[in-house]
Amino acid sequence: MAVIGIDLGTTNSLAAVWKDEKVCLISDALGNFIVPSVVAVDMDENILVGYAAREEGILHPERCASNFKRFMGTTKIYRLAGREFTPEELSAIVLKKIKEIAEAFLNEEITEVIISVPAYFNNDQRYATKLAAELAGLYCERMINEPSAAALAARCECRKEEQSMLVFDFGGGTLDVSIVDCFENIVEITAIAGENHLGGADIDEAVALAFCVENEIDFSALTEKEKAELLLEAKRCKEAITFQEEAEMIFFLSGQQYSMILTTEKLLTASQALFRKMKQTVSRALKDAGLRSEDITKVLLAGGSSRMPAVKLFLERLFERELTNEGRPDFFIAEGIGIYTGIKERKEELQDILMTDVCPFSLGIRTAGASDEHDKMYMMIERNNILPCRVSEYFTTARDFQEIIRIEVYQGESYDPDKNLKIGELELEVPKAKKGKEGVQVTFTYNINGLLEVSVVNNSTKKQVKVEMVSGYHQLSKEQFAARKEQLEAMQYLSGEEEEHKTILALAERLFEETVGRTRQSIGILIEYYNCAWNSKSPIRIRQAGREVLQNLLAIEMQLKQFVFEPGMFEEQFEDGEDEK
Ligand code: AMP
């Protein structure tokens with residue numbers, strides 16, 4: 001039974017494994033490495049995942065959910081075709097699909113997974129991720145920070161060379177910047193700085209707002225549907241300018257057409273405030289590591305948003321040097337996590353690699369101010385402490401005859417606890433006594449998965465409370481967990497072939513609707529050809545026709561400059577050298 005690594009991304013997910021002494025990305029029967037993190041329910045009540053769900057979502061957005069990683073650890077509910085889903089249930093559906101793909105790819109049962117999470121994920125978000133894995137029937141003993149996984153992949157590339165790397169991991173919803181020292185066989189994360197809400201989606205919004213300003217449209221007056229359409233168009237153009245100088249953004253409103261030419265320079269101007277935040281994050285990571293920009297020997301880009309030429313340009317200006325394009329930014333994390341599966345399985349060829357990680361934010365408790373009456377944050381574990389770590393402190397009562405000591409736990413850097421994120425609280429009874437005479441020993445234990453446990457003990461009574469800092473919402477009883485798992489399993493899923501079939505037809509039909517004339521005619525012929533193959537029920541014919549039809553459809557889509565599918569998808573077919581019409 002193999003352990004696989006999964007990069008469960010906001011937009012796309014990938015899986016990798018350590019196999020035959022190297023890292024290997026897992027692909028489905030059509031050769032795709034990427035599974036879009038999208039779930040939909042079709043008209044026949046089937047659950048669709050990945051590309052099939054994305055296609056369904058283009059025609060029926062109300063039946064489709066995406067970007068749910070952004071809401072992991074919250075109580076948000078998604079309603080699709082009359083059914084309710086939590087973000088972790090949607091993630092579990094994606095993980096279940098990846099499990100199936102991996103089992104077919106490796107020809108063995110997968111029971112365990114290592115999942116990468118943004119370094120800035122808090123306890124609730126990490127628990128929700130673990131819960132998603134368990135709901136998908138996967139044991140998840142280990143989670144690894146995404147930038148650390150990227151660093152591991154880079155270390156394997158630079159071998160034993162000594163390096164001070166900066167990993168700029170910019171995804172759909174988060175930015176993590178980490179400083180990594182690599183020497184000999186050691187990969188040491190020395191500092192992490194990040195933003196939990198700064199990602200590609202914010203760039204889309206900035207571009208959409210610039211579009212509104214240029215066209216004198218009031219963004220706030222648009223309906224939710226119009227806003228969603230405009231944001232989608234902004235995303236399409238943002239991605240298009242990775243491959244071409246400029247892209248025309250077009251949007252129809254009340255029957256009128258509006259447009260704007262988007263270039264990298266324009267994107268930089270529109271997102272100035274976001275790039276300023278990125279600069280602050282980079283500076284903080286460098287400062288925490290005690291380094292200057294010139295000490296960095298290598299800048300590594302990871303995450304889908306790092307593909308933007310604007311990001312490379314920004315970092316080149318910041319570091320005053322040219323950056324080389326190494327590897328594929330959106331595969332780095334998956335590759336790193338694949339390497340980590342080998343380390344966890346104690347593969348001989350990886351036995352000498354040692355990786356240390358750090359706590360990305362400070363953790364502390366609210367304490368009463370002694371002289372100024374203002375509560376303040378008492379830092380128990382400061383950011384960038386090496387993991388795992390344990391810190392213990394003694395706190396006494398603040399009032400005469402106090403009966404209960406309440407410990408409120410926060411995450412963040414501010415002096416004022418109210419400006420930090422409250423992640424939990426504990427209470428313990430203490431014997432009544434004069435102020436300062438009784439107290440509790442508070443212990444913070446932060447493990448390698450980035451999960452915090454807090455214990456409070458009173459020395460006189462020896463009473464103790466020990467709590468994992470996670471909101472009650474994620475602490476399911478055995479029965480509740482079993483019921484939710486059963487519910488997910490009872491849903492109707494399509495088989496791999498059926499889902500491929502549905503994806504190909506949906507793509508063909510959408511392109512048929514979007515085109516006219518000869519192109520449309522040839523799409524019609526492709527649909528007919530593919531349907532004939534499907535009706536023949538011959539698996540070989542179906543697969544072959546599927547590949548051919550897909551290639552043709554993708555070529556048409558490229559011509560239309562509609563990058564619905566990521567470049568790199570179906571690359572196996574293109575590499576095979578089969579004719580691209
Ligand atoms: P991730 O969470 O790492 O999957 O990153 C997803 C984000 O990457 C989304 O905001 C995408 O819009 C963005 N992205 C993916 N491909 C490109 C591209 N070619 N150019 C710009 N952004 C991209």
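The model is predicted, so local features need pLDDT of at least 70 and side-chain atom pairs count only at pLDDT 80 or more, while totals for chains, interfaces and linings use all residues. Residues are numbered from 1 along each chain as its sequence is written, and side-chain values use heavy atoms, with hydrogens and water left out.

**The ligand shell.** Select the ligand and the 16 residues that surround it; the closest are Thr11, Gly172, Lys238, Glu239 and Thr242. Two of the shell residues are nonpolar, 10 are polar and four are charged, with Gly counted among the polar residues and Asp, Glu, Lys and Arg as charged. Next, display helix α6 (residues 224-240), which gives the most to this shell, with three residues.

**Atom pairs at the ligand.** Polar contacts here are pairs of N or O atoms within 3.5 Å. Select Thr242: one of its polar side-chain atoms is 2.7 Å from a ligand nitrogen atom. At Gly304, a backbone N or O atom lies 3.0 Å from a ligand oxygen atom. In Arg307, a side-chain N or O atom is 3.4 Å from a nitrogen atom of the ligand. Of the 500 Å² of accessible area that the ligand has on its own, the protein covers 92% (Shrake-Rupley method, 1.4 Å probe).

**Ser271.** Move to the loop between α7 (264-270) and α8 (272-289), where Ser271 is found. Ser271 is buried, with a relative accessible area of 0% (buried means under 20%). Leaving aside neighbours within four places in sequence, Ser271 is in contact (heavy atoms within 4.5 Å) with Ile203 and Ala206.

How values were computed:
A residue is near a molecule or strand if one of its heavy atoms lies within 4 Å of it. A polar contact is a pair of N or O atoms within 3.5 Å; within protein, one must be able to donate a hydrogen and the other to accept it, and residues adjacent in sequence count only if both atoms are side-chain atoms. Helices (H or I, at least four residues) and strands (E, at least two) are DSSP runs, numbered from the N terminus. Buried means under 20% relative accessible area, exposed over 50%, partly exposed in between (1.4 Å probe, protein chains only).
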